[in-house]
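Let's walk through this one by question and answer. Have the sequence and the model side by side as we go.

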Amino acid sequence: MRKRMKQLNEEFWAAQYRENDTYWNAGSITTPLKEYFDQVEDKNIKILIPGVGHGHELLYLYRNGFTNVTAVDITREALQIIREVEPDFPSSSLVQADFFEYSGTYDLIVEQTFFCSLQPELRASYVSKMNQLLKPKGKLIGLLFDFCFTEPGPPFGGSNQEYRELFSQGFSIRTMESAYNSIKPRQGRELFIIIEKND
């Protein structure tokens with residue numbers, strides 16, 4: 001198994017669900033992602049949501065006619081929540097796996113509080129894995145924190161400059177700007193990103 005810092009492994013995250021300590025849960029799809037999805041015309045594109053958690057983005061896409069959405073999470077607890085909320089969602093598209101060991105190719109990958117759950121020394125590996133998973137011209141879209149937390153993570157913060165350096169090879173940054181429509185607890189602290197894999 002890939003070396004993890006401290007307790008940030010399957011058991012750590014499973015315990016968060018068992019203890020209902022899911023502090024990252026926004027309760028519903030957040031506005032920036034909803035507005036992005038609402039303007040996507042091709043509902044047959046292959047979409048991946050790593051670290052899917054409670055699955056608000058996944059369920060929004062599914063309920064709005066997107067036909068090819070896959071969720072990956074390291075815990076079965078997260079996937080079970082989705083099964084209970086939406087029993088008709090295809091079980092084959094709910095994958096319990098370590099993101100870094102998962103394989104596939106996608107048109108679109110959705111980032112929502114997954115990057116910030118990984119210890120910072122894994123960020124280069126995250127970028128490399130995104131490059132593997134995205135098709136040429138495929139896009140990574142979503143939200144990244146644009147400030148540093150004062151307490152030990154997770155979550156872990158970061159900066160615009162750091163992210164630009166991380167994605168400087170193999171990608172083109174189409175959008176990386178302060179999200180104007182963040183949910184209230186995250187206003188002024190998020191960057192909306194559209195990062196495209198080079199052809």
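Q: How many bridges join strand 5 to strand 7, and do they run parallel or antiparallel?
A: Some ground rules: this is a predicted model, where local features need pLDDT of at least 70, side-chain atom pairs count only at pLDDT 80 or more, and totals for chains, interfaces and linings use all residues. Residues are numbered from 1 along each chain as its sequence is written, and side-chain values use heavy atoms, with hydrogens and water left out. Strands (E, at least two residues) and helices (H or I, at least four) are DSSP runs numbered from the N terminus, and two strands pair if DSSP finds at least two bridges between them. Between strand 5 and strand 7 there are seven bridges, and the direction is antiparallel.

Q: Which residue stands opposite Gly142 in strand 7?
A: Strand 7 covers residues 190-197, and strand 5 covers 134-145. Opposite Gly142, strand 7 has Ile193.

Q: What is the strand order of the sheet?
A: The sheet is open, has seven strands and mixes its pairing. Its edges are strand 3 (94-96) and strand 6 (171-178), each pairing on one side only. The order reads 3-2-1-4-5-7-6.

Q: Which residue in strand 7 is the bridge partner of Ser178?
A: Strand 6 and strand 7 run antiparallel and are joined by seven bridges. One of the pairs is Ser172 with Glu196. For Ser178, the partner is Leu191.

Q: How many residues of strand 7 are buried?
A: Buried means under 20% relative accessible area (exposed is over 50%, partly exposed in between, with a 1.4 Å probe and protein chains only). Both faces of strand 7 are covered, with Glu190, Phe192, Ile194 and Glu196 on one side and Leu191, Ile193, Ile195 and Lys197 on the other. Strand 7 is largely enclosed by the rest of the structure because its buried count is eight of eight.

Q: Which residue in strand 2 is the bridge partner of Ile47?
A: Strand 1 and strand 2 pair in the parallel sense over four bridges. Strand 1 has both faces covered, with Ile47 and Ile49 buried on one side and Leu48 and Pro50 on the other. Ile47 also touches Leu61, Phe66 and Tyr106, among others (contact means heavy atoms within 4.5 Å). Its bridge partner in strand 2 is Val69.

Q: Is Thr75 buried or exposed?
A: Thr75 is in the loop between strand 2 and helix 4. Beyond four places in sequence, Thr75 is in contact with Glu10, Trp13, Ala14, Tyr17 and Gln96. A polar atom of the Thr75 side chain also lies 3.2 Å from the backbone nitrogen of Ala78. With 0% relative accessibility, Thr75 counts as buried.

Q: Over which residues does pLDDT stay under 50?
A: pLDDT is the predictor's confidence in each residue, from 0 to 100. For the protein chain the mean is 91, and 94% of its residues reach 70 or more. The stretch under 50 is residues 1-6.

Notes:
Axes are lines fitted to C-alpha atoms, for helices over the stretch in contact, and angles run from 0 to 180 degrees between N-to-C directions. A polar contact is a pair of N or O atoms within 3.5 Å; within protein, one must be able to donate a hydrogen and the other to accept it, and residues adjacent in sequence count only if both atoms are side-chain atoms.
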